[in-house]
Each structure stands twice: as structure tokens, then as C-alpha cells.
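Subject: Structure for you to look at

Hello,

Here is the structure I said I would pass on. Please open it next to this message, and read the notes below with it on screen.

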Amino acid sequence: VRATFWDAVIITGIYVCIDTKYTKKRYVISAIICLIIAIFIEQRALMEGRWEYLPAMPIVAGMGLSPLVQLPLLCVATYEITAWLSLKFGKQRLQS
């Protein structure tokens, strides 16, 4: 639950800080920032011995692949879902 909370804080912070109306540009910039943050989190956790990977985990540059791509993908998915909900329910509020 703690990691999920911080994922939400990171994604919300990035969304608020990146002021661009171009969706693709926002997605790319946000995904890159999330990847950098994920690398930092993974390196720190590995150095502190908080976790290690099973042999089945694909390793990229000494870090697990799925933890590295999880935050950037979650970020873009969150933006897409938010945009869809805004379009779907935002129009209903305006028409009421």
C-alpha cells in the first residue's frame, strides 16, 4: 500500500508540473521522468538490501525489468484513463 501511495504521489506531481497541452509530449516527458525515478528507487533499494530478484526476473543494467517499466506505464495509463473519464463524465456535467 505504501508503494502504491508513492506511485500516485509521483504521477500526480509530474502531471501537475508538466504544463503542456500536447498529450503525446506530456506522455513522453512523463514516462522519461518516471523511468529516471524508477531507476533511482531500484538502485537505492538494491544497495540498501531491501529486495533482490528471483532468477526468473529479466535484468536490465543490474535492475529488474518489470520494476523499471511499471512506473512509466502506470503513468501513461493513468493519464489515458483520466482523459477518458474526463471526456465521458465531463460532458454530462455540462449538459445537466
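Helices (H or I, at least four residues) and strands (E, at least two) are DSSP runs, numbered from the N terminus. This is a predicted model, in which local features need pLDDT of at least 70, side-chain atom pairs count only at pLDDT 80 or more, and totals for chains, interfaces and linings use all residues. Residues are numbered from 1 along each chain as its sequence is written, and side-chain values use heavy atoms, with hydrogens and water left out.

Aromatic rings

Rings of Phe, Tyr and Trp (its six-membered ring) count as a pair if their centres lie within 6.5 Å; planes under 30 degrees apart are called stacked, over 60 edge-to-face, and the rest tilted. The structure holds three such aromatic pairs. In one of them, Tyr-27 and Tyr-79 have ring centres 5.8 Å apart and planes at 35 degrees, so this pair is tilted. The pair links distant parts of the chain: Tyr-27 is in helix 2 (residues 23–48), Tyr-79 is in helix 3 (residues 65–95), and 52 residues separate them. Tyr-27 and Tyr-79 are buried, where buried means under 20% relative accessible area, exposed over 50%, and partly exposed in between (1.4 Å probe, protein chains only). Ring pairs also bring in Tyr-15, so that Tyr-15, Tyr-27 and Tyr-79 form a cluster.

Around the cluster

Arg-26 lies in helix 2. What is the relative accessible area of Arg-26? The value is 13%, so Arg-26 is buried. Its charged end sits over the ring of Tyr-15, 4.2 Å from the ring centre. A charge counts as over a ring if NZ of Lys or CZ of Arg is within 6 Å of the ring centre and within 35 degrees of the ring normal. Elsewhere, Lys-88 lies over the face of Phe-89, at 5.9 Å from the ring centre.

The side chains of Arg-26 and Tyr-15 also make a polar contact (3.2 Å). A polar contact is a pair of N or O atoms within 3.5 Å; within protein, one must be able to donate a hydrogen and the other to accept it, and residues adjacent in sequence count only if both atoms are side-chain atoms.

Which side chain does Glu-80 join by a polar contact of 2.5 Å? The partner is the side chain of Tyr-27. Glu-80 has its place in helix 3, and its relative accessible area of 43% makes Glu-80 partly exposed. Glu-80 and Tyr-27 are 53 residues apart in sequence, with their C-alpha atoms 9.3 Å apart in space.

Helix 1 and helix 2

The axes of helix 1 (residues 2–17) and helix 2 come within 10 Å and cross at roughly 140 degrees. That makes helix 1 oblique to helix 2. Axes here are lines fitted to C-alpha atoms, for helices over the stretch in contact, with angles from 0 to 180 degrees between N-to-C directions. Angles under 35 degrees count as roughly parallel, over 145 as roughly antiparallel, 65 to 115 as roughly perpendicular and the rest as oblique.

Other residues

Ala-61 is in the loop between strand 1 (59–60) and strand 2 (63–64). Although Ala-61 is not a glycine, it has a positive phi of about 55 degrees. Ala-61 is exposed, at 69% relative accessibility.

Leu-73 is in helix 3 and is exposed, with a relative accessible area of 59%.

Regards
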